[in-house]
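Welcome, and please take a moment to look over the sequence and the model before reading on.

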Amino acid sequence: MMTIPVGWYLALSAVLFTIGAVGVLVRRNAIVLFMCVEIMLNAANLAFVAFSRAHNDTGGHLFAFMVIAVAAAEAGIGLAIIVNVFRHNRGLEVDGLNLMRH
Amino acid sequence: MTPEAVFFVLFALGAVGGSAGVLLSRQPINSAISLVVSFFFLAGLYVLLSAHFLAVLQILVYAGAIMVLFVFVLMLLNLRSGELGRGKLTVTRLLGVGFAGASCYVLASSMLGSSVAGTRLWGGSVPAQFGTVRPLGLRLMTEYVLPFEMASVLLLVGIVGAVVVAKRRL
């Protein structure tokens, strides 16, 4: 019986991570930037779960669980910072955040 | 193709399509909806990998809680179209895409070179309770109790930090 190799999941994880990385490099809206970071975290989770299934060991699931907790904390604080940035300079363009340069 | 492979291709295309939608859509709200779609397809992939608890967690925490937070902030800020911005294709961006393609190649080749990459997955070889709440909870409360408590402290810090940062005057 033919079934899926783990490599397919790993390749998918790499593709998703790349999409997230391209998003962080290319987009300028701060909220969309955060969404792309979430995509990268999810790609890492997928790799964790795939390896965990390959080894028949639930340790990878627990790592993914921790990643989700970190992502929740990161989203909370990051969005608070974004709200503050928006109040400060009336926009979400990350190119406009050059206060420290002057 | 086996049903498993058909579902894998379906979910994988959905996840990649949703993520590409985040990248390509003009309005941030459309990006958020695409991201929710991508998260649901990823939850399907977790089910294929027998990670049932994580699949539920993905939908509850990611598609439920985190994305509601994103959409809430988008609605709160009420961006006008002038603030959305769409840059031209500059040299920097092309460099960024090139760099990302190179990093994808490095990632994929290193992960596919691992010893388990050729392991074939099928339902018969998985332990009966793999990925359900009971074994995960038992390990979380015994072997991984310190990281678990650290995660709770991290979330507490996150709550306090979000209030301190976002409040105008304490």
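How many helices and strands does the secondary structure of chain A come to? The answer is 3 helices and 1 strand. Keep in mind that this is a predicted model. If you start at the N terminus of chain A and follow its elements, the order is β-α-α-α.

Next comes the overall form of chain A. Its radius of gyration is 17 Å, whereas a compact globule of 102 residues would have one near 13 Å. The C-alpha trace of chain A spans about 60 × 25 × 20 Å along its principal axes. Here are some further values for this chain.

| Property of chain A | Value |
|---|---|
| Buried residues, as a share of the 102 residues | 62% |
| Accessible surface | about 3,900 Å² |
| Share of the accessible surface belonging to carbon and sulfur atoms | 70% |
| Share joining residues at least 24 apart, among contacts between residues at least 6 apart in sequence | 53% |

Now for the pocket. Which residues line the second largest pocket? From chain A come A:G76, A:L79, A:A80 and A:V83. What classes of residue make up its lining? There are 10 nonpolar residues and 1 polar residue, with no charged ones.

Terms used: Residues numbered from 1 in each chain as written. Chains lettered and ligands numbered in written order. Predicted model: local features only at pLDDT ≥ 70, side-chain atom pairs only at ≥ 80, totals over all residues. Heavy atoms only, no water. 1 Å grid on protein atoms, 1.4 Å probe; cavity = no way out; pocket = protein on both sides within 12 Å on 5 of 7 lines; lining within 4 Å. Nonpolar A, V, L, I, M, F, W, Y, C, P; charged D, E, K, R; others polar. Helix = DSSP H or I, 4+ residues; strand = E, 2+ residues; numbered from the N terminus. Rg over C-alpha atoms; globule rule 2.2 N^0.38 Å. Buried < 20%, exposed > 50% of the residue type's maximum accessible area, 1.4 Å probe, protein only. Contact = heavy atoms within 4.5 Å. Areas by Shrake-Rupley, 256 points an atom, 1.4 Å probe, with all protein chains shown as cover.
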